[in-house]
Number of protein chains: 2
Amino acid sequence: MVSSDFKAMLLKLGVPEERLNVLEGKGGIVEDEFGGIRYVRFRDSARGFRRGTVVFENGDVVLGFPHIKRIVQLENGIRRVFKGRPFYVEEKVDGYNVRVVKVKDKILALTRGGFVCPFTTERILDFVNEEFFRDYPNLVLAGEMAGPESPYIVEGPPYVKEDIRFFLFDIQEKGTGRSLPVEERLKLAEEYGIEHVETFGVYDRSKIDELYELIERLSRERREGIVMKTPDMKRIAKYVTPYANINDIRIGSHIFFDLPHGYFMGRIKRLAFYLAERKVKGEEFDGYARALGKALLGPFVESIHEVASGGEVEEVFTVRVKSISTAHKMVTHFERLGVRIHIEDIEDLKNGYWKITFKRVYPDATREMRELWNGLAFVD
Amino acid sequence: MVSSDFKAMLLKLGVPEERLNVLEGKGGIVEDEFGGIRYVRFRDSARGFRRGTVVFENGDVVLGFPHIKRIVQLENGIRRVFKGRPFYVEEKVDGYNVRVVKVKDKILALTRGGFVCPFTTERILDFVNEEFFRDYPNLVLAGEMAGPESPYIVEGPPYVKEDIRFFLFDIQEKGTGRSLPVEERLKLAEEYGIEHVETFGVYDRSKIDELYELIERLSRERREGIVMKTPDMKRIAKYVTPYANINDIRIGSHIFFDLPHGYFMGRIKRLAFYLAERKVKGEEFDGYARALGKALLGPFVESIHEVASGGEVEEVFTVRVKSISTAHKMVTHFERLGVRIHIEDIEDLKNGYWKITFKRVYPDATREMRELWNGLAFVD
């Protein structure tokens with residue numbers, strides 16, 4: 001349901017009336033509220049409004065974050081995407097995407113899906129200098145929240161030893177979603193002391209060997225990959241390390257039945273293209289094969305044992321919050337996402353933060369596994 | 001299109017008129033001809049007529065071969081399917097399913113999909129005693145065609161060293177599709193000298209340890225698995241060896257993009273349940289992990305190299321035929337299945353047989369691989 005004042009606003013913003021009615025009918029746009037600020041989030045796209053777009057009661061529009069294209073053959077991908085142009089190479093950090101925006105007098109953190117995240121919003125000023133938004137109320141900071149204590153992601157990058165951190169990788173205008181050029185973004189990040197994803201410099205296709213070395217170093221360092229961007233941010237492509245492909249499979253195989261097949265197959269595909277492009281052979285090839293096999297089977301078989309002995313498929317994670325009420329808001333937030341979660345433990349860290357331990361249960365994956373373990377005979 | 005005389009026959013056989021019209025409209029039933037005998041094959045099911053059912057011009061009906069249910073946890077699966085009942089254990093042979101039937105004065109071999117297979121039909125009397133059908137014109141021999149020289153399957157069981165052979169595993173009545181009891185089938189196979197899949201005897205759930213040993217032996221011997229059947233054929237379940245799961249993945253990974261994700265994920269799942277049920281650990285576990293990883297990556301990476309150097313994803317296979325015209329009929333048969341195939345070589349074996357080498361090309365898989373290799377940037 002979307003109220004009439006929001007509908008009028010969306011029409012004024014250019015959403016065609018027919019599309020608006022269709023979207024509303026199928027729940028493609030949903031009205032919501034956070035801390036007294038009302039907003040509409042787009043679960044489907046409409047006209048220039050991408051999935052994940054948020055329109056606030058004051059007319060502020062934050063476009064959905066665009067999906068960055070992936071290449072699986074680095075050399076040819078660079079040639080095809082960038083031709084001869086130079087491009088910045090930045091780290092692709094393994095976390096969850098947030099857009100940070102000031103609306104009225106509040107600073108809010110939006111998830112990819114267009115929800116205001118209660119946890120990230122509570123914590124965001126630990127990482128982002130509020131003055132930035134005083135000076136630039138019309139800009140949106142897009143970045144990755146990453147670390148071992150995250151509500152959405154099981155692991156973080158190896159260099160975040162505890163809690164979570166924000167890593168800036170894009171600054172966009174409200175309304176248009178236009179990105180600032182890379183240099184301006186880097187300058188603003190420095191000026192306001194906002195942590196930025198690591199930048200590895202400017203490359204072009206002639207420096208492919210240095211890029212291969214970079215990928216191999218990042219893979220050794222258990223990091224996710226790179227994002228390549230022309231200085232004007234018009235052309236962007238991502239490429240992930242073999243480490244990340246295998247590690248994602250390892251994490252996913254624990255909840256095997258909860259993930260679509262494409263989750264695993266896509267990563268196997270990327271790994272195979274890496275091995276082909278780098279002409280990996282012999283013992284090194286076998287090492288990857290063994291790691292892949294263990295990643296697929298190890299956590300999966302452990303989950304089967306867990307369910308076979310009466311347990312459930314579940315994941316435990318922690319977050320640090322300033323107020324326990326934020327933890328409860330997260331439970332509500334997850335419930336709306338259809339996720340079964342509950343608080344396991346609350347610990348006072350005596351530094352103004354509480355450490356909250358959640359347990360997420362996967363009832364469908366548990367049920368499927370239990371049925372198979374119990375001897376279900378099925379046609380496939 | 002189905003002619004009016006066939007329609008009248010199907011109505012008489014009990015297919016409801018409305019269903020018949022729907023099926024015809026969407027191509028769910030198709031009229032066909034082989035060697036002057038007309039037939040209708042069911043691509044979809046209708047009433048008691050399963051997918052793969054064939055109705056001949058003389059009114060003979062051969063029901064589609066039923067899909068046998070799979071279990072992935074042997075002990076609990078046996079308990080659930082068979083309770084305390086005894087069951088025969090027979091080898092599950094890795095080949096393609098055929099139903100052999102006498103219609104008018106011809107002996108025909110039907111594929112699972114309900115086609116008369118020109119190759120199998122030409123060769124079937126090499127393996128099946130024609131007298132059987134003189135004595136039992138109302139029975140259908142169902143079995144597996146298996147061997148290294150097969151038009152549909154890349155590999156055969158290790159004990160078929162050349163060509164192909166027929167292995168009986170079921171005898172059904174025309175019309176009803178009712179299976180003969182196991183003992184009657186075994187007796188007829190012996191009496192008429194028809195090769196039968198290996199039988200391992202009668203088991204029940206108390207003999208689970210012997211079954212585990214059997215599975216492990218079959219796996220070591222590179223065999224596919226077992227099918228368990230109550231003597232009256234009313235309850236049937238299949239279980240495959242870890243060897244077969246990994247080997248299927250190895251064969252499939254060569255044509256990675258031509259197969260649905262479920263092909264691979266289903267086999268990984270079965271392997272994981274085997275490892276969990278048998279509590280495989282340590283080095284043995286690592287051995288399976290390595291074998292799985294190599295099966296997934298090895299042939300896949302080779303295919304990428306092949307395509308990267310200008311080649312195509314393809315498979316080569318041979319068959320032995322008595323008449324070269326049979327080879328040409330196979331090409332036509334494959335074309336109707338939407339498969340791109342051509343004859344590479346014809347060799348006179350000087351024993352009444354010709355060895356035909358075919359090449360099957362996978363244009364879609366080749367195109368997808370080539371695009372990715374050439375640096376396609378895509379959203380996933």
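How many residues does helix α8 of chain B have, and what distance does it reach from its first C-alpha to its last? Helix α8 (residues 242-253) of chain B has 12 residues and reaches 17 Å, close to the 16 Å expected at 1.5 Å a residue; that expected span is 1.5 Å times one less than the number of residues. Helices here are DSSP runs (H or I, at least four residues), and strands are E runs of at least two, numbered from the N terminus.

Please keep in mind that this is a predicted model, in which local features need pLDDT of at least 70 and side-chain atom pairs count only at pLDDT 80 or more, while totals for chains, interfaces and linings use all residues. Residues are numbered from 1 along each chain, chains are lettered from A in the order in which they are written, and side-chain values use heavy atoms, without hydrogens and water.

Because 11 of its 12 residues are buried, α8(B) is largely enclosed by the rest of the structure. Buried means under 20% relative accessible area, exposed over 50%, and partly exposed in between (1.4 Å probe, protein chains only).

Now to the salt bridges, each a side-chain nitrogen of Lys or Arg within 4 Å of a carboxyl oxygen of Asp or Glu. The structure holds 70 of them over all chains, including these:

| D32(A) | R336(A) | 2.2 Å |

The bridge between D380(A) and R70(B) crosses between chains. R70(B) counts as buried, at 7% relative accessibility.
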